[in-house]
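Hello,

Here is the structure I promised to pass on to you.

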Amino acid sequence: MLERLSPALFVLIWSTGWIVAKFVAVAKADPLTFLILRYVAAGVLIAAFALLVRAEWPARGRDWLHAAITGILLHALYLGGVWWPISVGLPAGLSAIIVALQPLLTALLAWPLVGERLSPRNAAGVAIGFAGVVMVLTPRLVGIDAGTLEGLLVPIAVGLVSTLAVTLGTFYQKRFAAKGDLRTITVIQYLGALVVTLPVAWAIEPMQIPVTTTTVLVALWSVLVLSIGAIFLMLMMIRRGAVSRVASLIYLVPPTAALQAWLFFGETMTTVQIAGMMTAAFGVYLATRK
């Protein structure tokens, strides 16, 4: 049952990350410091549970290294590369389009890296899904002028690096960390992410998080639902399914986030955006069919 529901649950949960990022920005919390809080809290909770149930830890040093590298790619570089640009002014819509390049990169790299071939139907689904995402997000980018974009070159570059990191991270997870207990593997991943994120946050941020009701609730959601629930679902799907099909689910995240922004923040939705959601869903349907 969980395997059947996991794609829908993952999209619904993962899309709330955009809402969380917006709350964090509004609360003026330092983004990398907030991510460090997520890594530490989630890692401690999962480690305690793993010890309680006597979950098996990797026996070889190379397995620890592989898990740490996936953590650096999937958490430190990806999440940090999404949250920091948004905190310095990169529009969330533009960030989402950059992230939406992941399924395209995954489709291009699936054969040379892990030997996965896309059928013509799956390839068409990848292209259609990206078109749907662009339809959803383009209305949010209309007011951005060339001068503003020029000032965002560094955040855009960081966003592109984060997209490449999560793409390579999914392949690395599939290739080198496909075995072992997901609970202990996840703890090691957060350790790897912490080792990379902490010195960067120390260097560029005041490392402050205002303690308010909003930040506490957002932190609880981030740790329990995003860093534990969504990550377990993603790793489980990567382990049990084709990387390209799992990556295609990312196309549904921006439309779902746009719908949540409409519900929580009253952001308007146009007919083009609604059509884009339907197009993205159809593309994911084609891309994920076996």
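The crossing of α3 and α8 is left-handed, meaning that the near helix is turned anticlockwise from the far one by less than a right angle, with clockwise giving right-handed. The contact of α3 with α8 has 16 nonpolar, 8 polar and no charged residues. For these classes, Ala, Val, Leu, Ile, Met, Phe, Trp, Tyr, Cys and Pro count as nonpolar, Asp, Glu, Lys and Arg as charged, and the others, Gly among them, as polar.

Before going on, a word on the basis of all this. The model is a predicted one, in which local features need pLDDT of at least 70 and side-chain atom pairs count only at pLDDT 80 or more, while totals for chains, interfaces and linings use all residues. Residues are numbered from 1 along each chain as its sequence is written, and side-chain values use heavy atoms, with hydrogens and water left out. Helices are DSSP runs (H or I, at least four residues), as are strands (E, at least two), numbered from the N terminus.

Next come two pairs that share α9. Helix α2 (residues 31-52) and α9 have axes that come within 9 Å and cross at roughly 155 degrees, so α2 and α9 are roughly antiparallel to each other. This crossing, too, is left-handed. On the α2 side, the residues that meet α9 include I36, Y39, V40 and I46, and their partners in α9 include V187, Y190, L194 and L198 (contact means heavy atoms within 4.5 Å). By class, the contact of α2 with α9 has 17 nonpolar, 5 polar and 1 charged residues.

With helix α10 (residues 213-240), α9 packs at an angle of about 115 degrees, the axes being 11 Å apart. That makes α9 roughly perpendicular to α10, and their crossing is right-handed. L182, R183, T186, Q189 and Y190 in α9 meet a set of α10 residues that includes I228, I231, F232 and L235. The contact of α9 with α10 has 7 nonpolar, 3 polar and 2 charged residues.

Of its 18 lining residues, R60, D63, F176, K179 and G180 lie nearest its centre. Two or more lining residues come from each of α3 (61-87), α8 (153-176) and α9 (182-204), and α3 gives the largest share, 4 residues. The lining of this pocket has 8 nonpolar, 3 polar and 7 charged residues.

There are also 4 cavities of 30 Å³ or more, and the largest cavity has a volume of about 160 Å³. It is lined by 13 residues, with W14, G17, Y78, L79 and W83 closest to its centre. α1 (2-26) and α3 are the elements that give two or more residues to this lining, which divides into 11 nonpolar, 1 polar and 1 charged.

As for the terms, on a 1 Å grid over the protein atoms alone, a cavity is a set of points where a 1.4 Å probe fits but cannot get out, and a pocket is an open set with protein on both sides within 12 Å along at least five of seven lines; lining residues have an atom within 4 Å of a point. Grid points are joined across faces, edges and corners, and a volume is the space filled by probe spheres set on the points.

Best wishes

Methods. Axes are lines fitted to C-alpha atoms, for helices over the stretch in contact, and angles run from 0 to 180 degrees between N-to-C directions. Angles under 35 degrees count as roughly parallel, over 145 as roughly antiparallel, 65 to 115 as roughly perpendicular and the rest as oblique.
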